[in-house]
Amino acid sequence: MQARCAVMVVDEEVSPFRRIWCLFEVKRLKDLSKDLELVSSVGPLGSVLEDAELTPRSQKKRQERLQSIGDALAKVAAFDAKASSLADQLAIWHRIADPALRRLPPEVAS
């Protein structure tokens, strides 16, 4: 049985997206046409505002949290992502790079 999607828990700083391995996993999901569900402390981000029971204050707080997460996601860059070793970082950069760059050997593309 194959997975249909993946779930990633994020904070307001979207910390997982600061790790190159997590970005690689997101790229693989895209390549495999799989969905990625982001979840935070307020719930699944795709449906966090759909709760009809929310008070206007709670709704505003959730909107602010979503905006904060969205702002952090807009700043994500594989170039800035960290890895446990330089070799891993270069190998993953090579695999998630533009397809034209992937044809180059990793030592040339980096």
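This is a short tour of the model, stop by stop.

**Before you start**

The model is predicted: local features need pLDDT of at least 70, side-chain atom pairs count only at pLDDT 80 or more, and totals for chains, interfaces and linings use all residues. Residues are numbered from 1 along each chain as its sequence is written, and side-chain values use heavy atoms, with hydrogens and water left out.

**Whole chain**

Show the chain as a cartoon. Its secondary structure comes to five helices and three strands. Here helices (H or I, at least four residues) and strands (E, at least two) are DSSP runs, numbered from the N terminus. Along the sequence the pattern reads β-α-β-β-α-α-α-α.

Switch to a surface. The accessible surface is about 7,900 Å², computed by the Shrake-Rupley method with a 1.4 Å probe; for residues, only the protein chains shown count as cover. Carbon and sulfur atoms hold 55% of that surface. Of the 110 residues, 25% count as buried. Buried means under 20% relative accessible area, exposed over 50%, and partly exposed in between (1.4 Å probe, protein chains only).

Now think of contacts, meaning heavy atoms within 4.5 Å. Among contacts with a separation of 6 or more, 54% join residues 24 or more positions apart.

**Helix 1**

Select residues 20-31, which form helix 1. The 12 residues should span 16 Å at 1.5 Å a residue, and the end C-alpha atoms are 16 Å apart, which agrees. The expected span is 1.5 Å times one less than the number of residues.

Which residues of helix 1 are buried? They are Ile20, Cys22, Leu23, Phe24, Lys27 and Leu29.

Step past the helix to serine 33. Serine 33 sits in the loop between helix 1 and strand 2 (35-40). Its phi is positive, about 55°, although serine 33 is not a glycine. Serine 33 counts as exposed, because its relative accessibility is 67%.

**Valine 14**

Go back to the loop between strand 1 (5-9) and helix 1, where valine 14 is found. Valine 14 also has a positive phi, about 45°, without being a glycine. Is valine 14 buried or exposed? At 0% relative accessibility, valine 14 counts as buried.

**The nonpolar core**

Nonpolar side chains tend to be buried together in soluble globular proteins. A nonpolar core here is a set of buried Ala, Val, Leu, Ile, Met, Phe, Trp, Tyr and Cys residues joined through side-chain atoms within 4.5 Å. The largest one has 15 residues. Select Met8, Val10, Val14, Phe17, Ile20 and Leu38, which have the most contacts inside it. Helix 1, helix 2 and helix 3 are the elements that give two or more residues to this core. Helix 1 gives the largest share, four residues.

Centre on methionine 8. Leaving out residues up to four places away in sequence, methionine 8 touches Pro16, Phe17, Cys22, Val26, Leu36, Glu37, Leu38 and Val39.

**Aromatic pairs**

Rings of Phe, Tyr and Trp (its six-membered ring) pair if their centres lie within 6.5 Å; planes under 30 degrees apart count as stacked, over 60 as edge-to-face and the rest as tilted. How many aromatic pairs does the whole structure hold? A search finds two.

Select tryptophan 21 and phenylalanine 24. This pair is tilted, at 5.2 Å centre to centre and 35° between the planes. The two residues are about one helical turn apart, because they lie three residues apart in helix 1. Tryptophan 21 is partly exposed at 48%, whereas phenylalanine 24 is buried at 16%.

Next, select phenylalanine 79 and tryptophan 93. Their ring centres are 5.6 Å apart and their planes meet at 5°, so the pair is stacked. The pair links distant parts of the chain, 14 residues apart: phenylalanine 79 lies in the loop between helix 2 (56-74) and helix 3 (86-96), and tryptophan 93 in helix 3. Phenylalanine 79 is exposed at 65%. Tryptophan 93 is partly exposed at 22%.

**Arginine 65**

Move to helix 2 and pick arginine 65. Arginine 65 is buried, with a relative accessible area of 19%. Beyond residues up to four places away in sequence, arginine 65 touches Glu12, Ser41 and Val42.

**Last stop: the cysteines**

Select cysteine 5 and cysteine 22. Cysteine 5 is partly exposed at 43% relative accessibility, and cysteine 22 is buried at 17%. The structure holds zero disulfides, a disulfide being a pair of cysteine sulfur atoms within 2.5 Å.
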